[in-house]
Structure formats: structure tokens, C-alpha cells
Amino acid sequence: MPNEMVQWGEEFFWRRGAELRSGLLPDDDARTSVVQSGFEPCLLAVIRLSMSGPTDSRTTSGWFRGTLARAGHLPRAVELASAIGDGPEQSEELYALVNAAAEAGDLHSAQALAESIPLRGPQDRAMVDLVAAWARAGDRDRAAALAERIRYPHNWGTAWAGLAKAVLARGDTVGARGFAARADDEVRSFVFDGTGEVLAVLVEVAAATGDRARAAELADRVEDFARSRHRNSGPRPPSLAAVLAWEARNGDLDRIDALLRPSPRPPAADGPALCGWVPGASAAPDGTRTGTSPEDPEDLDGTGAEEAGQARVSAAGSFLKARDMARVLDALAETTDHDVALALADRAERLLDTALASDRALLTTSVSRLLARLGQVERAMAVVGPGNPGHRAAQQALVVEQLAHYGRTDRAEALARAITDDETRARALITVVREIARRGDPDRAEGLVQVITDDWARGEALVAVVRELARRGDRERAEALTRSVVHRATRARALAGLAELSEPSCARRLAAQVVLLDGWAAALPVLERIAPRAVAVVADQLTL
């Protein structure tokens, strides 16, 4: 049986399943003409009527409470969150509302809420987030005072590093260096699992302030931390990948090369030398290895002994694992020099030969995406290999996605059409239609939609065409196009996208149609802008 998750990809798999369950629209459906006016009370009445049926699970979700907070109804959101009986769950919900209120710009209310969170762990994390939020808003003194009040030592370094980064974003180089120094003091005095992440932020701050030597020293400490805390065969902390990506952006692959060298198996404790290795060898002050070492083979005669030693121990693998390299490639995205990207692809392909099966799949995806971004389609597909036809088609769809995203839409379309699996071909064509529409050619995008044979996929692709037509001001054509979407929830989403780009009166009329098609929750993101009272109406209905 085909694996539909593989065929459709995670995004489309879950959305398609939910929207297929919502059902098809009848041919004589009249919902598009029920609400002809954009009068706000009409929309509110439709929302009240839509909530008279069974309770939607989305009404009790954190998503809805966050929407209330962002729309200026924080007290109502807190009221709903406080009804949660479980202490830890309630505190986590209140923590999420702190961030929602801060996102909406209501920092005073967000801080008051943070200070009221019952459990100290979530309260401390909320305060850490607010330190950076106050700094981004320009009140660094309040941010620093709040950082001093954080209770737990494992949050101190994170708070000061976040403050340094936020102050730097506002152009205060001197202040950023001072706060970064404070963060460094904190992680030196209290080492914890997140120390690497704090140091990685400090690398970024040091580099941005022009202190390259300081950045390099911090990068060394990130590696040292990764080595000290992660001696097993699992992936290294994300901070190491972040540092490697930073160095690669600057054309420096030395650390990656060092971490990719095969490491030998260490000799037995107190045992004899094994294959020329002596236990207890140490590093010289300049960082070079002295004598023999469990990390690097000894060059016994200077004429190839190092290569022989590496061959003997290659089974032990390198310190950098496939999952780590995948993180590096994904972190680089669009910011890497072409030659550096190719050099990284070379290294990643060599690492694939020693990767475990699960990690190999991750790295294969990352390498093929990178090569596709560089336009090297044949090589990208060669990385995928023959393998399972279904998985190969899915990887081909990922290559299509990258080609389209980077403007190679003709090549992407040809490759998508060549996919033999119907579902995977539909998925790939959706991504091409989206990108063609996004790049301002809705006519070509609409024409390509007709190639898609799956009804749901055709509607999903049309959502992107509708949005582009609306963005270009062709609202009537966009609205007419929504009527060719046959699944109820998919059409509702297309109409919501159109409403988002329409003037308020028209948007309210379209939002009413969305509510009638798929319930109030489908229209909620649009309602925040066109009818703020609607969010309060929903909250009122929920608490009756």
C-alpha cells in the first residue's frame, strides 16, 4: 500500500485529510449568495448562529486563546486559560499568552501576566522572553532590570544573551558587547544543557560587532562544550551546527573538516598501545595533538601513516554525524557562496556512506535540496539513488520545490510532470503553481492547475492563484475562481485568503461565507482585522 505521508508530504497529508473529511460542496450550493452585505452586525449574527451546533475542538485550543490576546482581549484569554484545572498545563498556557500579548505590543500587560504565573519554571521563561521584548521595544533599562529578577541560574545566560542580541538589532554595539560579557560570565559560572545555545548567540553578537577574534574563541568553546556533553553516537547540540553554518558563510570549512575526520575507537583503560595509539595523550597549548591520541592517528614516518590509521579506525565514524550535517545545510539556506555550497555538498555526500539509516534519510533530503538550489538536478537525484520508487518520487518532489522556489520554474514544471506517482505528481505541481503565482504570473499558474487530476490538489493549487489575483486587484476574477474549488474547507480557505486582501466591507461579506462553509474558526485570522468585535462575540458564546 502506498505511504500517503511520503506521497503528499507532511503539510499536504494532514491538510488534505482534514479537508476531505469536511466533504464536497453540492452543485447547487447557495452559500456564496446568502450574505450579500458587508454590514458588520450581519457577520456577527452569522458567527453566533454557527456556534449553536457542536463545540469545535478549536474553541478550547491555545490557538484561539492566543488569537484573543493578539486581538486585544487578553483578560478574556486569561479567563479561558485559568479554567484549565491542571497546574502545569495552565501555567504553560499562561506562558503562551504572555508571548501573544507581547507580540501584539502590550508589554505592560504581558509582564503583569508573567508575574502572575503560578509555577516558577514557566514564569521564569516568560520573564526571559520579555527581557528581549522590552529591549526590542527600545527600553533597555527595563529589560536589564527584569533580567536581574530572573530566579533560576540556568536562565541567566539566556536572558542576557537575548538582551545583547536585541540591543544590537537596534544599533547599540557598545551596549550589546556589555550585555554579551554579562551572559558569558553567567555561563562560565553555571554550565547547563543550554550553555552551547547561549555561546552560539554570543558568537553571532561578537561577529556582528566586528570582533572576529572573540567570535572565533567563542566558536571553539561551543565545540568544546559539544565534545564534553555529547560523547555518544547521537547528534550534537544545535548550537554546534549554528556555529558551523556561521563559519561556512564566511568560507571557513576547517572546523567541519576536522569534525568529519574519522575518530578511532579508544584503547581499553590502562591497556597497551593499540595500532600505534597510546592512552592519555594530550594536546599542546597551541591546540595541536602531541604524541599519540585517541582522536588523531600518529604520523609514524611522515609518509602515509596518518591515512593508514584513519583507514583502520574509519568504522568508528566522525564526531559530526549525518543529522548534524543536515542541520548545517538547512541553516545555510540562501546565504552561502556557490563554491562553498558545492564543497559542503561534497562533504555531505561522503558522510552519507557511513550514516545510520534514519539519519541518512535526513541528510539525503538536505543534500538533494541544496543541490537543487544550485541547479544541479541530475546530481540531486543521483544522491537520492534508485531505492523505493515511492520514496524516490517524494525526493523528486522536494527537488521540484527547490527549483521552483529559486526561480527555475520551467525546469521544475518539467520535472514535476515527469513524476509517475499520481499523488506525488499532484503535490509537486501544487508547489510549482504556488511559485509561479507568487512570482506574478497567475494566468500561467491557472493553466497549470488544469494538469492536476486530483480534485483536492487542484483546489489547493487554486488557493495560491486566488491570492495572487486578489493581490493584483482582480477581485471579481479571484472570487469567481473560488467557485471551482469543490471541497468545502478548501473553498473556505480560498475565500479567507481573498478576504484578507480585500477592503473591509467586501472582506466581511466573504468572511461570512467562510463561516457558513467551515465554521467561525476558519475565518478567525481575518476577523482580527475586519471585525475586532467578532473575536469577543466568539468568547462570549463560549462562556455562556
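Contact here means heavy atoms within 4.5 Å. Keep in mind that this is a predicted model, where local features need pLDDT of at least 70, side-chain atom pairs count only at pLDDT 80 or more, and totals for chains, interfaces and linings use all residues. Residues are numbered from 1 along each chain as its sequence is written, and side-chain values use heavy atoms, leaving out hydrogens and water.

The chain has 30 helices and zero strands; both are DSSP runs numbered from the N terminus (helices H or I, at least four residues; strands E, at least two). Of its 544 residues, 49% are buried, that is, under 20% relative accessible area with a 1.4 Å probe, protein chains only.

Two packed helices are described by the angle between their axes and the distance between the axes. Take α1 (residues 4–22) and α25 (residues 455–471): their axes come within 11 Å and cross at roughly 105 degrees. That makes α1 roughly perpendicular to α25 (the range for this is 65 to 115 degrees, while over 145 is roughly antiparallel). On the α1 side, Trp8, Phe12, Arg15, Arg16, Glu19 and Leu20 meet Trp456, Ala457 and Glu460 of α25.

Now look at α6 (residues 87–103) and α7 (residues 107–116), whose axes come within 8 Å and cross at roughly 165 degrees. So α6 is roughly antiparallel to α7. Here Leu94, Leu97, Val98, Ala101 and Ala102 of α6 touch Leu107, Ala110, Leu113 and Ala114 of α7.

Key:
Axes fitted to C-alpha atoms, helices over the stretch in contact; angles between N-to-C directions. Parallel < 35°, antiparallel > 145°, perpendicular 65-115°, else oblique. Buried < 20%, exposed > 50% of the residue type's maximum accessible area, 1.4 Å probe, protein only.
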